[in-house]
Amino acid sequence: MITVKDEGMFLQNGKLVSAKETALSREDGCKKTIAYRIFAKHNTSGDMRSLKLKFDAMASHDITYVGIIQTARASGLKEFPLPYVLTNCHNSLCAVGGTINEDDHVFGLSAAKRYGGEFVPAHQAVIHSYMREMYAGGGRMLLGSDSHTRYGAYGTLAVGEGGPELVKQLLCKTYDISYPRVVGVHLTGKPRAGVGPQDVALALIGATFKQGTVKNSVMEFFGDGIANLSMDYRNGIDVMTTETSCLSSVWQTDETVRRSLAAHGREDAYLALAPLDCAYYDAVVEIDLSRVEPMIALPFHPSNAYTIREFNENLQDLLHSVEEDTARTLKLKRPAAPLTEKIRNGKFYADQGVIAGCSGGMYQNLVKAAEILRGKTIGDGHFGLSCYPASQPVMMELMRTGILETLMLAGASVRTAFCGPCFGAGDVPANGGFSIRHTTRNFPNREGSKPSDGQVSYVALMDARSIAASALMGGAITPATDLEELTADPAFLEYHFDPKPYERVYHGVGKPDPSQPLVFGPNIADWPAQIALPENLLITVASAIYDPVTTTDELIPSGETSSYRSNPLRLSEFALSRKDPAYVGRAKAVAAEEQKRRQSPESADMMGYDPTTTGIGSAVMSIRPGDGSAREQAASCQRVLGGIANLCEDYATKRYRSNVINWGMLPFTVENIAQYNIQAGNRIYVEGIRAALEGNAAEIPAVLIQDDKRTPLTLKLENLSREERDIILAGCLINYYAK
């Protein structure tokens with residue numbers, strides 16, 4: 001099904017050849033990839049080894065754009081220097097906090113008018129559907145403050161990052177990275193009937209994520225198999241590449257792409273792209289589409305992927321594994337009823353199905369679900385099915401073609417464009433419930449449960465086709481390939497795009513009006529002031545997490561807490577609330593000591609270190625933090641609470657590490673960190689940290705203090721650019737640019 005070759009390879013005469021077996025030049029071969037040509041077009045440094053990129057357009061949704069604009073304002077923003085799209089698809093149905101969600105939307109519209117942006121009202125489109133429809137194009141680069149910013153199937157290199165990286169673009173700065181690895185993804189064959197894009201995506205994620213094969217790389221898709229995939233099918237695979245932990249993705253383009261752009265009135269955005277002969281890839285993933293089977297990703301990660309056949313053959317063992325993972329991850333005092341109780345007559349029964357968002361809510365997925373459900377019903381049992389078309393134009397086409405009627409007659413509930421089911425703000429199952437979803441993630445609490453209150457429910461990822469097949473069976477997990485008379489997905493699906501609903505969109509790009517005031521709701525607050533890095537540091541570990549990976553959802557929960565995203569102090573109260581509820585109190589206690597040190601140095605608990613030159617701050621220690629969402633709040637909440645550093649063995653994603661840096665925290669790594677048995681309350685003294693940052697030190701000696709024991713500790717600050725060092729020295733990005 002999928003073969004991973006973690007070695008350099010050339011694409012020579014249409015065939016992949018190991019770099020060990022040829023004398024071809026790797027340097028020349030790198031230049032023949034699609035990715036290289038797009039990077040070269042957008043690089044301003046003059047050195048392709050150290051990229052300084054400027055993007056063609058940007059996008060943010062209503063969890064992130066207020067903080068981004070507030071940061072940019074504090075840093076000197078006058079107008080948006082590039083097209084900036086503000087969508088309202090994450091908190092449009094979240095009622096927590098009274099008026100604050102709509103207050104943020106009003107602020108967003110006022111910002112679009114004042115600074116010259118594009119504002120997409122709530123329920124019009126999910127962020128990535130809108131950007132595919134209106135902005136993606138061949139050879140372009142787009143930046144979004146959402147991790148699933150992926151438009152590679154159009155030949156667009158799109159990157160999902162934390163808010164501060166968008167702030168840099170708003171201030172006419174650049175996105176700075178070393179030239180990344182480029183991993184080829186070679187597609188051959190044709191998917192079988194009943195196999196959808198989520199099946200291909202989950203198989204790909206399962207084969208690459210844990211191995212780190214494509215981490216922080218660009219995935220470049222090519223091969224004869226692409227011609228057998230429609231535009232929606234390609235987009236469905238592409239958007240899920242985020243879950244492999246890659247930096248971005250891009251595909252070769254063809255007539256299907258041209259026709260899709262033409263249908264959206266943007267044929268001029270088409271650019272023929274393909275790797276040139278003898279293109280070089282740092283690794284290659286080969287996918288035979290004809291061998292892909294319907295997949296299921298069990299809680300709590302998209303990489304926890306199995307074929308549905310394997311799942312049904314090993315129900316007891318796999319469900320027991322999920323329950324063990326649940327107890328370990330969520331630390332439940334009162335676990336929900338055993339999942340094995342959902343097995344009846346040898347079949348496992350889910351309670352709910354959802355097809356939604358940027359991965360599931362596309363036209364073709366809902367067409368295929370309707371094809372399976374046509375003339376039938378999901379019945380009046382416990383299982384329910386919800387469908388969220390990804391935009392109003394998609395909804396209109398589903399209505400025009402009768403697909404909505406088919407879905408509703410079968411018993412499905414049809415909703416407006418909304419991202420909530422992807423992050424825990426929509427379709428929350430009952431306690432102990434099991435939901436099967438064609439959405440992007442199934443992290444803990446992504447379904448909206450509150451383990452701290454004794455609640456837990458589960459999300460497994462599946463494709464819309466198998467979700468519809470399971471719905472017909474009353475929720476019994478069923479691969480769509482088991483159905484008779486099911487047709488394969490067409491290589492091209494006619495689609496009529498009507499842009500009329502987007503007359504509700506405010507199109508103000510290039511038309512800033514400084515006379516327009518910003519409209520602030522009572523929950524919109526400025527960022528608290530941050531101080532510059534002191535000469536020395538006494539760090540208290542406020543939380544120690546030994547899970548193999550710590551997600552951004554665990555660092556700052558998604559769902560209802562996101563309503564407070566425009567109020568940094570209130571949002572910070574939720575930091576690590578579901579992973580380590582004592583963290584906020586510990587961090588506040590450390591911050592109080594720092595405040596005492598500044599006001600009365602002799603009264604602070606300094607363990608004998610000089611209070612006039614040594615600052616106090618807290619840190620989160622983990623093994624591999626930052627998988628998942630690009631939300632900067634995962635880092636900024638720590639900073640607001642007095643955080644000064646992260647300690648880990650490795651960062652799960654580049655975007656989280658960048659958030660840590662941009663919020664003025666030290667991105668320390670420690671080799672084999674688990675051996676030190678660091679616990680909450682341990683302290684670390686770092687002498688000369690400011691001098692180390694002012695210079696180019698990559699390794700810094702420190703002392704780990706555990707009760708009466710003092711252990712030498714080497715803290716690493718690898719691959720920090722001069723600007724990143726200066727941002728940390730200044731205390732945060734706002735301070736750096738304010739200077």
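**Aromatic pairs and nonpolar cores**

1. The structure holds 22 aromatic pairs. The model is a predicted one, and the points below should be read accordingly.

2. In one of the pairs, the ring centres of F39 and Y179 lie 5.6 Å apart with the planes at 70°, so the arrangement is edge-to-face. This pair joins parts of the chain 140 residues apart: F39 belongs to helix 2 (residues 34-42), and Y179 to the loop between strand 10 (175-178) and strand 11 (182-188). F39 is buried, at 1% relative accessibility, whereas Y179 is partly exposed, at 22%.

3. The rings of F107 and F520 are tilted, because their planes stand at 55° with the centres 5.4 Å apart. Here the partners are separated by 413 residues, with F107 in helix 4 (residues 100-115) and F520 in the loop between strand 25 (506-507) and strand 26 (536-544). The relative accessible area is 0% for F107, which is buried, and 39% for F520, which is partly exposed.

4. One aromatic cluster is formed by F300, F311, F348, F434 and Y458.

5. Two charged residues also deserve attention. K113 lies over the face of Y506, 6.0 Å from the ring centre. The charged end of R344 sits over the ring of Y349, at 3.9 Å from its centre.

6. The largest nonpolar core comprises 118 residues, and I287 and L385 have the most contacts inside it. Beyond its neighbours within four places in sequence, I287 contacts M1, I2, V185, H186, L187, T188, V200, L204 and V292. Another core, of 52 residues, lies apart from that one and includes I34, F55, Y281 and Y737.

Key: Residues are numbered from 1 along each chain as its sequence is written. This is a predicted model: local features need pLDDT of at least 70, side-chain atom pairs count only at pLDDT 80 or more; totals for chains, interfaces and linings use all residues. Side-chain values use heavy atoms; hydrogens and water are left out. A nonpolar core is a set of buried Ala, Val, Leu, Ile, Met, Phe, Trp, Tyr and Cys residues joined through side-chain atoms within 4.5 Å. Buried means under 20% relative accessible area, exposed over 50%, partly exposed in between (1.4 Å probe, protein chains only). Contact means heavy atoms within 4.5 Å. Rings of Phe, Tyr and Trp (its six-membered ring) pair if their centres lie within 6.5 Å; planes under 30 degrees apart count as stacked, over 60 as edge-to-face and the rest as tilted. Helices (H or I, at least four residues) and strands (E, at least two) are DSSP runs, numbered from the N terminus. A charge sits over a ring if NZ of Lys or CZ of Arg is within 6 Å of the ring centre and within 35 degrees of the ring normal.
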